[in-house]
Amino acid sequence: QEYVGIKIEITEFADPSVAESLDKSKKVYLVAATLRPETMYGQTCCFVSPKIDYGIFDNGNEYYITTERAYKNMSYQKITPQRGVYKPTVTVSGAKLVGSKIHAPLSVYDDLRVLPMETVLATKGTGVVTCVPSDSPDDYITTKDLQLKPEYYGIQKEWVKDAFPIIHTDKYGDMTAETLCKELKIQSPKDALQLAKAKEAAYKEGYYNGVLSYGKYKGEKVEVAKPKVKADMIAAGDAFVYNEPENVVISRSG
Ligand code: ZZB
């Protein structure tokens with residue numbers, strides 16, 4: 001699986017003690033793994049799991065925050081300074097990152113926050129997920145839940161930004177994720193089966209019939225604009241390609 005790693009700068013840690021042993025002259029980036037770089041205009045926050053431990057890795061001139069598993073993979077893909085070296089400078093629980101101020105490249109919003117998402121998988125991507133509630137059903141329904149129960153999640157309601165429309169399809173309109181969550185009667189981030197269906201439909205419709213309604217490639221088909229946005233972000237130093245090795249299934253048959 002090929003992901004694009006999006007570099008989301010932490011501009012202020014919610015818990016300053018996390019940064020105590022870091023070199024203050026280097027920027028710190030959460031690295032979010034995405035399959036949809038063309039949706040980055042619609043980012044409204046960055047999700048981490050409060051249950052996952054993340055490493056802060058010295059990547060040369062900057063720090064990357066990902067799971068150790070992901071950074072280890074990166075260290076064999078010429079993304080890091082030294083092949084096979086993946087010891088974190090600091091380990092931090094996702095819970096401690098929640099509330100941190102961030103800057104997400106291309107987002108229509110300037111000041112965003114790190115927010116909690118309980119359904120983030122530690123075994124996929126970097127364990128960091130950038131939130132695009134206009135086009136990702138999981139992000140849409142998690143955002144709704146955060147807005148309903150901010151005190152339960154230990155966040156402030158103003159940290160949760162509204163979805164911003166970036167892609168139009170004739171089938172689902174300007175807010176694909178909202179339309180699908182309503183159509184499939186999805187109530188909670190735990191409706192895994194229905195969310196998987198919604199995600200598949202959103203990917204398909206967005207990719208083949210979506211047209212960007214915002215940004216440099218406004219008016220272009222998603223299929224056409226996607227590689228251009230990806231290339232632009234990589235050229236700007238805001239993103240890089242990250243490959244995830246397929247999960248090896250050991251067959252005992254025969
Ligand atoms: C932004 C985005 C915008 C995404 C969108 C999707 C959509 P997949 O298809 O199962 O491989 N993701 C990445 N890592 C994780 C993780 N560890 N746990 C849970 N979710 C994760 O899923 C890849 C997508 O799932 C990624 O692309 C990321 O969210 C999220 F409009 O990034 B995406 C219809 C989906 N739309």
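**View 1. Helix H6 and its span in the predicted model.** Helix H6, which runs over residues 192–209 and holds 18 residues, reaches 25 Å from its first C-alpha to its last, close to the 26 Å expected at 1.5 Å a residue (the expected span is 1.5 Å times one less than the number of residues; helices are DSSP runs of H or I with at least four residues, numbered from the N terminus). This is a predicted model, in which local features need pLDDT of at least 70 and side-chain atom pairs count only at pLDDT 80 or more, whereas totals for chains, interfaces and linings use all residues. Residues are numbered from 1 along each chain as its sequence is written, and side-chain values use heavy atoms, with hydrogens and water left out.

View 2. Leu195, Ala198, Ala202, Glu205 and Gly206 of H6 are buried (under 20% relative accessible area, with exposed meaning over 50%, for a 1.4 Å probe and protein chains only). Seen down the axis of H6, these buried residues fall within an arc of 105 degrees, so they line one face of the helix (the arc is that of the directions from the helix axis to the C-beta atoms). The face turned away from the buried side carries the exposed residues Ala192, Leu193, Glu200 and Lys204.

View 3. A polar side-chain atom of Lys199 lies 2.6 Å from an oxygen atom of the ligand, while a polar backbone atom of Asp135 is 3.2 Å from a ligand nitrogen atom (a polar contact is a pair of N or O atoms within 3.5 Å).

Note on methods
Helix = DSSP H or I, 4+ residues; strand = E, 2+ residues; numbered from the N terminus. Polar contact = N/O pair within 3.5 Å; in protein donor to acceptor, adjacent residues only side chain to side chain.
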